[in-house]
Amino acid sequence: MKIHEYQAKQVLARYGVPVPAGEVATTPAEVRAIAEKLGKRVVVKSQVHVGGRGKAGGIKLADTPDEAEAVASRILGMDIKGLTVEKVLVEEALNIAREYYLGITLDRGAQRNVLMVSAAGGVDIEEVAAETPEKIARVLIDPALGLRDYQIRDACYAAGLDREAIAGAGKFLKALYQTYIDMDCSLAEINPLVLTAEGTLIAADGKINIDDNAMYRHADLADLAEEGQDNPLEAEAHRRGLQYVYLGGDIGIIGNGAGLVMGTLDEVKDAGGTPANFLDIGGGAKAEVVASALELVLMDPNVKGVLFNIFGGITRGDEVARGIIAGSARLNIQVPIVVRLTGTNEAEGRALLAQTTLVPAETMQEAAAKIVELARAA
Amino acid sequence: MSVLINKDSRVLVQGITGREGEFHTRQMRAYGTQVVAGVTPGKGGQAVDTVPVFDTVAQAVKATGANVSVIFVPPRFAPDACLEAADAGVDLAVCITEGIPINDMVAVVAHIRTTQTRLLGGNCPGLITPGECKVGIMPGNIVIPGPVGLVARSGTLTYEIVSRLTREGLGQTTCVGIGGDPVPGQRFIDVLPLFEADPHTKVVVMIGEIGGTDEEDAAEYIRTMTKPVVAFISGRTAPPGKRMGHAGAIVSGGKGTAQAKVEALTAVGVPVPISSREVPALVRERLG
């Protein structure tokens, strides 16, 4: 789960990380009031869950409250990589001398969390990682021992941080690690950590992603989870407890098991279609789950056809067919639906489907070809 | 012959009195698996489908000589269950539970790697040695004994491919589901050497998906293997930055793309077909 910069900064501040003075606003008038209260040069920052906000014009400096209001009226409502800006963070502008990168994430290959420090902060760290990986110092963290002081020194010296920053950076890294562990993060970043012209260190930007699997330990963040969904259909899926990803095409895909659904997306694409979504309904295919899944997929106005791909496994094929028939019967469906099911009693399942308007298919490839053809004709 | 489990495996079920635990205990026994014990704290002395229930794994192992444990407990209790199984000294702990927090698994996997226990999962379907033993939730009716070793990150896609192999008469030594989590107990590089060493496995099928670099790491190992490998990668058309169901199935920071995996595998001579239906023919060619 992603949270906004201003929320990440609130979290980091709780762990003792200095952040710029500022507040979040949703209207230009509010922005003006905050700028007046701060009484100095401010920066107005769009709050959307994508990188490259600066390049897109979503971060602007303003010398006066008038200017802040004007800048905010351009940023609020702006579209950045398909996301509409609904909130801005208004903060005191910093006198930046140097910018560093501090981050912690999972190193899947090593199966451990990794601390990353770089003197090349303020830019997209993924670009740095791709082009000049030697500029990022990396230290693996033993989960039983935690992040040790010597590891922090190792990373800061290896990254070539300026001497005046090294002593202070340790406090930020310890707080970042504590945040990462306590908040069950999959990513915690301070980028940039700014060394100001006055010689102080301050977190000018923060990013925190929280492991969805750990949300049960953070009931207080449930509201953020909803807000963390950028797409309204994904937000609705979250409410329904369905594993749904919006993909933007016109063929709805519903299946059981992530690998099988991914494989189905690939087959539909190979058959010349464009998947509208990924949707994994998990084991079995109970009528109420099918109905809920189908209803969700059809909320997407672009969907011209739906493909079910269910591997029965221990659940019998005829039971799956009954679930799909009962589930779809609850809705008024205007688009073609192809159903491919396998497993025990699959022939009986297909026979049941043949008595309805649902179109049975034997293989995944046949099903993909059929739905692409039917959606095109529709 | 087989890897990890066979007809002599003595299986205990952690969470045996839960809905899933009880259902799959019956399924495993129906397949012929020797389920010798169950564990649910506080329910020691009861029985599930005639299997005796104990309060702790240590008691169950001591009383029954169980050497494999399968874990069906909710995510918040599963890390502890894995550690308990390892502490009781089972050879193999199979964690079916989906949704365990990643940082919990970082700690659990790091610890269990220092013990004699091998952890499979979490978020995995388990494993099956056709005709001998099944541990976990894989359907027993789609496998037959034969010379193909299979290791996979996904569940249902694996069933799809296994049932095709079976339909074409290509049986399996053991099918191992390593699961879809970002920090799994067993990775491809942990399981491939078992098939390499198993005299009855002649060809290995590896089913990967987007996310992480386990397939690339496996390619490095496959270079040194004497046995041929056929691979399949799902998620070729998935967009970056989106988690595709499995917690581990995400392309992030340019890492974990299907393309990089296909390239790494192809470079070491592993065929990676576009469609899963081509897998059986490629396996047959390599069986000679």
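Terms and values

Reader: What makes both faces of strand 15 of chain A count as covered?

Author: Asn277(A) and Leu279(A) lie on one side of strand 15 of chain A, Phe278(A) and Asp280(A) on the other, and all are buried. A residue is buried if 20 or more other C-beta atoms, placed from the backbone, lie within 10 Å of its own, exposed if 12 or fewer, and partly exposed in between. In a regular strand the side chains alternate between the two faces of the sheet.
This is a predicted model, in which local features need pLDDT of at least 70 and side-chain atom pairs count only at pLDDT 80 or more, while totals for chains, interfaces and linings use all residues. Residues are numbered from 1 along each chain as its sequence is written, and chains are lettered from A and ligands numbered from 1 in the order in which they are written.

Reader: Which way do strand 13 and strand 15 of chain A run?

Author: They run antiparallel and are joined by four bridges. Two strands pair if DSSP finds at least two bridges between them, so strand 13 and strand 15 of chain A, with four, count as paired. Opposite Leu279(A) stands Tyr244(A).

Reader: Which elements of chain A give two or more residues to the side that touches chain B?

Author: The contact takes 43 residues from chain A and 48 residues from chain B; contact requires C-beta atoms within 7 Å, placed from the backbone. On the side of chain A, strand 8 (112-118), helix 4 (125-131), strand 13 (243-246), helix 9 (258-270) and strand 15 (277-280) each give two or more residues. Helix 9 of chain A gives the largest share, 11 residues. By type, this side of chain A has 18 nonpolar, 15 polar and 10 charged residues.

Reader: How do you know that the radius of gyration of chain B agrees with a compact globule?

Author: The rule is 2.2 Å times the number of residues to the power 0.38, with the radius taken over C-alpha atoms. For 288 residues a compact globule would come near 19 Å, and chain B has 18 Å, which agrees. Its C-alpha atoms fill a box of roughly 55 × 40 × 30 Å along the principal axes. Of the residues of chain B, 59% count as buried.

Reader: How many helices and strands does chain B have?

Author: Chain B has nine helices and 13 strands, which are DSSP runs numbered from the N terminus: H or I over at least four residues for helices, E over at least two for strands.

Reader: Why do strand 9 and strand 13 of chain B stand at the edges?

Author: Their sheet is open, with six strands in the order 9-8-11-10-12-13 and mixed pairing. Strand 9 (133-136) and strand 13 (229-234) of chain B each have a single partner strand, so one side of each is left without a neighbour in the sheet. Six bridges join strand 12 (residues 203-209) of chain B to strand 13 of chain B, and the two run parallel. Val204(B) is placed opposite Val229(B) in strand 13 of chain B.

Reader: Which strands of chain B are the edge strands of the seven-strand sheet?

Author: That sheet is also open and mixed, in the order 3-4-2-1-5-6-7. Strand 3 (47-48) and strand 7 (118-121) of chain B pair on one side only.

Reader: Why does Asn123(B) count as buried, and why does Asp49(B) count as partly exposed?

Author: Asn123(B) has 27 C-beta neighbours inside 10 Å, which puts it in the buried class. Asp49(B) has 15 and therefore counts as partly exposed. Both have a positive phi without being glycine: about 55° for Asn123(B), near 50° for Asp49(B). Most residues other than glycine have a negative phi, and most peptide bonds are trans. The loop between strand 3 and strand 4 of chain B holds Asp49(B), whereas Asn123(B) is in the loop between strand 7 and strand 8 of chain B.

Reader: Where is a peptide bond cis, with omega near 5°?

Author: One such bond runs from Gly121(B) to Gly122(B), and Gly122(B) is in the loop between strand 7 and strand 8 (126-129) of chain B. Another cis bond joins Asn191(A) and Pro192(A), with omega about 5°. Pro192(A) belongs to strand 10 (residues 185-196) of chain A.

Terms used: Two residues are in contact if their C-beta atoms, placed from the backbone, lie within 7 Å. Ala, Val, Leu, Ile, Met, Phe, Trp, Tyr, Cys and Pro count as nonpolar, Asp, Glu, Lys and Arg as charged, and the others, Gly among them, as polar.
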